[in-house]
Amino acid sequence: MFNFLHRPFTMQTAKEHTLPISMIKLAGVSLISLSLFGMTGCQTVKKTFGGKEEITAVKAKKSEQGYYNDAQNNINKGNYAKAIAELNDLRAFYPVGSHSENALLDLMYAQFQHADYLDAVTSAENFIRLYPNHSQVPYAYYVRGVANMHGGFSGILQYTKLNRAHRDTSYLRLAFSNFQELIAKYPNSPYAPDAVQRMRYIYNQFAENEMNNARWYIKRKAYLSAVNRARWVFQYYPQSEAIPEAIATMAYGYQKLGMTDTANQYKQLLTINYPQLLDKKGNVKLSDATTKSDWLNTITLGVLGKQQKSTNFGENTSYQGETKTQVIQQVQALQLPENPTVQVPDPVHSFERKSVVSLGLPEDELHP
């Protein structure tokens with residue numbers, strides 16, 4: 001469902017480097033300063049036979065262009081582990097070379113494809129820190145968010161059919177924040193529409209997480225706990241796809257608790273907004289309320305593509321929904337609350353009037 005993301009295109013330009021001539025002494029060995037030394041080699045710590053450590057020099061085996069070309073060939077062949085090694089060597093031996101910026105962009109892409117999601121996050125953050133004014137920095141913000149979406153669902157878990165909302169959601173919360181920052185700083189980037197869709201997905205996942213807990217309580221006849229979970233969704237995820245199930249759960253739970261008047265108020269909400277969730281006798285059809293949307297359960301979390309020459313909004317995406325301004329405004333209203341630690345007040349009696357009215361409940365019945 002999410003759009004494919006392509007590696008950004010950047011023009012290669014030759015760079016001139018001013019090399020320092022100062023010398024430093026470390027461990028009794030005279031070395032050229034790191035800025036100069038990084039152009040042709042790097043330092044490693046090697047233990048000798050007697051257990052002592054000494055600094056040795058390792059020289060580059062290839063030119064900068066050679067490392068970069070080999071990395072590109074390996075990426076094109078899907079040999080991401082080899083590509084990662086080539087790109088790491090390039091950045092170690094030529095830290096200020098003409099390919100250093102593009103190498104870091106390619107590195108985060110290769111690491112993501114190799115399922116090294118946390119490494120991809122680190123590379124993206126390094127790019128943001130080192131090249132804050134680079135034309136492709138929005139790509140780094142986006143990769144960071146996408147990689148964090150996968151961070152808590154790597155390894156064997158990514159090959160299962162488990163709903164992500166039923167697992168640890170801490171990485172999803174971090175990704176949500178990443179996409180918020182991307183949209184706030186670069187609303188005109190080609191990655192904004194896809195970031196909006198991902199934020200909506202994460203928002204729905206958190207609501208689904210609460211409703212999954214509510215279902216667990218319903219099965220064990222812990223109706224008060226189920227109602228509290230549904231209240232949380234009703235109050236803090238009002239734009240989620242779980243709202244119908246949340247209202248149905250509260251109507252069902254209050255009925256089981258013997259609180260008929262309160263249950264009837266939630267049934268009235270169902271009658272106005274989701275009449276299909278009530279049978280002819282007015283009983284809640286709770287099984288029909290369970291969220292079955294493909295948006296939640298079968299969504300593809302996205303694949304990072306190779307670099308393309310594109311700077312126009314939406315050129316490399318299949319997004320064809322609302323306009324840029326509309327999607328940005330909509331996503332700004334999405335917020336993730338902290339996990340519930342206290343009992344949530346009954347939304348029928350204490351929820352903001354405008355929020356209840358938006359669901360169709362007549363004003364004269366808001367406060368019986």
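pLDDT is the predictor's confidence in each residue, on a scale from 0 to 100. Across this protein it averages 74, and 61% of the residues score at least 70. What you see is a predicted model, in which local features need a pLDDT of at least 70 and side-chain atom pairs count only at pLDDT 80 or more, while totals for chains, interfaces and linings use all residues. Residues are numbered from 1 along each chain as its sequence is written, and side-chain values use heavy atoms, with hydrogens and water left out.

**Confidence**

- Over residues 155-166 the pLDDT is below 50, and this stretch has 28 contacts in the model beyond near neighbours in sequence; a contact here means heavy atoms within 4.5 Å.
- Residues 293-302 also have a pLDDT under 50, and the model gives them 34 contacts beyond four places in sequence.

**The overall picture**

- The protein has 16 helices and six strands; these are DSSP runs numbered from the N terminus, with helices (H or I) of at least four residues and strands (E) of at least two.
- Of the 368 residues in the protein, 46% are buried. Buried means under 20% relative accessible area, exposed means over 50%, and partly exposed lies in between (1.4 Å probe, protein chains only).
- The accessible surface comes to about 19,000 Å², and 52% of it belongs to carbon and sulfur atoms. Such areas come from the Shrake-Rupley method with a 1.4 Å probe, and for residues only the protein chains shown count as cover.
- Among the contacts with a separation of 6 or more, 65% are between residues 24 or more positions apart.

**Inside the protein**

- In soluble globular proteins, nonpolar side chains tend to be buried together.
- The largest nonpolar core here has 82 residues, and F179, I202 and L270 have the most contacts inside it. Helix α8 (residues 192-219) supplies the largest share of this core, eleven residues. A nonpolar core is a set of buried Ala, Val, Leu, Ile, Met, Phe, Trp, Tyr and Cys residues joined through side-chain atoms within 4.5 Å.
- Leaving out residues up to four places away in sequence, L270 touches P244, I247, A248, A251, P275, L277, L278 and V284.
- S100 is found in helix α4 (residues 100-113). S100 counts as buried because its relative accessibility is 3%. Apart from neighbours within four places in sequence, S100 is in contact with E64, L90, R91, Y94, P95 and Y131.

**Salt bridges**

- Side chains of opposite charge can pair when their charged atoms come close.
- A search of the whole structure finds nine salt bridges, each being a side-chain nitrogen of Lys or Arg within 4 Å of a carboxyl oxygen of Asp or Glu.
- D194 pairs with R198 in a salt bridge whose closest N and O atoms are 2.7 Å apart. Both residues lie in helix α8, four residues apart, which is about one turn of the helix, and both are buried.
- E208 and R215 form another salt bridge, with their closest N and O atoms 2.9 Å apart; these two residues are buried as well.
- D288 forms a salt bridge with K285, where the closest N and O atoms are 3.5 Å apart. D288 is partly exposed, since its relative accessible area is 43%, and K285 is partly exposed at 30%.
- Salt bridges that share partners link K62, D70 and E86 into one network.

**On the surface and in the loops**

- L224, L257 and M259 form a nonpolar surface patch with about 250 Å² of accessible area together. Patches are made of residues with over 30% relative accessible area and no salt bridge, joining like charges within 9 Å and nonpolar side chains (Val, Leu, Ile, Met, Phe, Trp, Tyr) within 5 Å.
- L257 lies in the loop between α10 (243-256) and α11 (260-273), and L257 is partly exposed at a relative accessible area of 36%.
- K256 lies in helix α10 and is partly exposed, with a relative accessible area of 45%. The C-alpha atoms of K256 and Y223 are 7.0 Å apart, although 33 residues separate the two along the chain.
- A115 has a positive phi, near 65 degrees, in a residue other than glycine. A115 sits in the loop between α4 and α5 (117-130) and is partly exposed, with a relative accessible area of 31%.
- K221 is not a glycine, yet its phi is positive at about 60 degrees. K221 is found in the loop between α8 and α9 (223-236), and K221 counts as exposed because its relative accessibility is 63%.
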